[in-house]
Structures are given as C-alpha cells and as structure tokens.
Amino acid sequence: MEIFDYDNILLLPRKCRVESRSECDASVELGGRTFRIPAVPANMKTVVDESICTWLATNGYFYVMHRFDLDNLQFVRDMHAKGCYASISLGVKQPDYDTVDRFVAEGITPEYITIDIAHGHADSVKNMIGYLKAKLPQAFVIAGNVGTPEAVIDLENWGADATKVGIGPGKVCITKLKTGFGTGGWQLSALKWCARVATKPIIADGGIRSHGDIAKSVRFGATMVMIGSLFAGHEESPGKTVEVDGELYKEYYGSASDFNKGEYKHVEGKRILEPVKGKLADTLVEMEQDIQSSISYAGGKKLMDVRKVNYVILGGDNAGEHLLM
Ligand SMILES: NC(=O)C1=CN([C@@H]2O[C@H](COP(=O)(O)OP(=O)(O)OC[C@H]3O[C@@H](n4cnc5c(N)ncnc54)[C@H](OP(=O)(O)O)[C@@H]3O)[C@@H](O)[C@H]2O)C=CC1
Ligand SMILES: Nc1nc2c(ncn2[C@@H]2O[C@H](COP(=O)(O)O)[C@@H](O)[C@H]2O)c(=O)[nH]1
C-alpha cells in the first residue's frame, strides 16, 4: 500500500479546456443541496458559532454546528425561523438520544445530522444511526470519525448517508502521540484506501494546511473536506482574541482538549494561537478561486474532473509517477 500525505503529493496538469478559470464550477452536491465549494468549517467551538453558521447557510456554503454547551433544538428552531437549513452535531450518549426525542416531539427535523465521536467505528454509532433513521428519517446522517475501509463499509451498512474520515490528522490533535493510533501523517492515503470501498460521500476531516490540499482530497475520493485551523483565527471566529508582542491571535483548541471539556480526562487535543487573518468571507472567496484554478489545471470544467488526473509522490519509498490507465 502506498503511504503519502498532502505535502508529498502533486497532481499532474492536463490540457486546459477553459478560456477563463471563472468557467470552472467548484460546487458540490451533498444531501440534496448544492454548495459553492467542497469545504466545510470544522464543528468546533473556536471555529463556528450560530452567527457564522447562519452566514454560511445564507451564502451557499455547507456548515456543521458544534455540539458543545448548546441547545440543539433551539439552534434548529432559530435556523429554520431564518429560512436556513439546519445542520447539527450529535454524540452517542443519553442526552443525545433525549435531543432526538425532543425533535420528534416538536415535529422538526434538522436537514443534516453529524454523529461526531473520536472512535466512530463503534456500536454506539451503529445504535445512534439506527435511532435517527427510525425517528428522523428525513435527516441526512453523516457519521464518524473513522480511518479504515472496514469502518466505512460498516457505517454505510448501518445506514450512514456519508462518512467522515480522519483519526488524528488535525492541527490541534494529539491522538497520535497519546494513543499511537490514527491517520495523522498519512491522511491522504488513508482517504484513498477508504474511498476505494465507499459507495456514499466521504468527508475528509483534518490535515488541510493549504487550499491546494482540497483538490488533492477530491482527487483521492473526498466529496467534501472538513477544515479547522484554516478557518479558525478569522475576525469573526468565536475563539478568544489574544495579543502577543503587539500581534493579534485567536485561540483554536481541540474538542477533546481540556479547554473544551472543562476537565483533564481522556485529553486528545491541545490549544494553539492562530494569527488573526482577516474576514472569513474573503478566505472563502479565495478558496473558491483556488479550487477553480485546480479544476482548470485538471483540464476540466467541474469539480469531479479533478478525480481524473495523474499524480506524483515526492521522495520516500513510494516516490514516482502514478498514471491512470
Ligand atoms: N478526529 C479525531 O481524530 C478526534 C476527534 N475528536 C473530537 O473530539 C470531540 C469529543 O469526542 P469524544 O470524546 O468521542 O466525544 P464524547 O465525549 O461525546 O464521547 C463519545 C462516546 O464515545 C466514547 N469514546 C470516546 N473515545 C473512545 C474510544 N477511544 N474508545 C471507546 N469509546 C470512546 C466515550 O466514552 P468515554 O469518554 O467514557 O470513553 C463516549 O461514550 C468530538 O467532536 C470528536 O470528533 C476527539 C478525538 C479524536
Ligand atoms: N484528535 C483530535 N482531533 C480533533 C480534536 N478536535 C478536533 N479534532 C479534529 O480536527 C479536525 C480539524 O483539523 P485541522 O487540521 O483542519 O485543524 C476537526 O474537524 C476534528 O476532526 C481533538 O481534540 N483531538
């Protein structure tokens, strides 16, 4: 099996088929809606809040609200009152089942529900998917996180409409160090491995460090990528602003960090400071333009044309050119 990651892969250009990159369509479909770009901010407390989610929904982007210190029911009511789709996260504990029951009692369904736990290849996830499919059958269910083809097959068979792939590649993740497990350092080839067996969309989660990594993810099978650090640190980001030597930073911490949990128990995340980098809307526009350029280098006009390109692996035992035959 080839082992590689974002920083040692390059995609190979094909003859251009457009006169302008504006002809390239970066949009993607997920769960019956079309979104402007195949990237979604991570469902983390220092990355999204209700006002960012509202802005994303009303401007054609996908979002997933986090599930920490939040009344999910009120969030969905608010989003629907504003005419927006609702996309929430759930865990697998009793309060999460209670939340589902409250949705049923009120007769409202969030359009997207992401079951988001550290080790998503688990019966607890199977049971929650089953419960959601029985109680809220209209919801599009994303489940994770996982890092192997067996897990993707199981989650899909249990009823997930999409899977989220990535155990430990995140910038504030310390799972690899604390447990010795994960896809950190080889997330892109883990994605390729998982995508070979997937029959439903994959959301590649974690490890994206530059905009070009989005095209690489799509090339290796992702429908969408989930991104934390690149979206944290904007003026609107919910993390606390901190000044160090006259420079402004925003805090970005892991959902399994003591900062998020409020206690030091099973900690698998840390806190870092991201330099404040302007407005989120500007980053999203730049991201879309960069994906349009990726599509043009792929010799295509639409996002999935990126899947057709060859690639090279730089350095290491697997180095070489990989041609689609
Ligand atoms: N993508 C990644 O690499 C990781 C992401 N995270 C993120 O952190 C947040 C919190 O995650 P999590 O702690 O799972 O959420 P929760 O605290 O809601 O825990 C979910 C359930 O899974 C159990 N659980 C958690 N980890 C494991 C494990 N390794 N083996 C068996 N059972 C486990 C927990 O029990 P108990 O706590 O008693 O074990 C609990 O019952 C999520 O948003 C998650 O996505 C966290 C770690 C890795
Ligand atoms: N192992 C951990 N992973 C975490 C934690 N909190 C979030 N995450 C994952 O990271 C990505 C974002 O990655 P980035 O490289 O784009 O910054 C996020 O979507 C989660 O899957 C954590 O505490 N530990």
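The shell around ligand 2 holds eight nonpolar, 13 polar and three charged residues. Ala, Val, Leu, Ile, Met, Phe, Trp, Tyr, Cys and Pro count as nonpolar, Asp, Glu, Lys and Arg as charged, and the others, Gly among them, as polar. In total, 24 residues surround ligand 2, a residue being near if its C-beta atom, placed from the backbone, lies within 6 Å. The closest are Gly 170, Cys 173, Gly 228, Gly 254 and Gly 269.

This is a predicted model: local features need pLDDT of at least 70, side-chain atom pairs count only at pLDDT 80 or more, and totals for chains, interfaces and linings use all residues. Residues are numbered from 1 along each chain as its sequence is written, while chains are lettered from A and ligands numbered from 1 in the order in which they are written.

Take Cys 173 next. An unreviewed UniProt entry lists Cys 173 under "active site"; such annotations may be inferred rather than shown by experiment. Cys 173 sits in the loop between strand E8 (162–165) and helix H6 (175–179). Helices (H or I, at least four residues) and strands (E, at least two) are DSSP runs, numbered from the N terminus. Cys 173 counts as buried because it has 25 C-beta neighbours inside 10 Å; the cut-off is 20 or more other C-beta atoms within 10 Å, all placed from the backbone.

Ligand 1 has 20 residues around it. The closest are Gly 91, Ile 117, Ala 118, Ser 255 and Ala 256. Its shell divides into six nonpolar, 11 polar and three charged residues.

Terms used
Buried ≥ 20, exposed ≤ 12 C-beta atoms within 10 Å, placed from the backbone.
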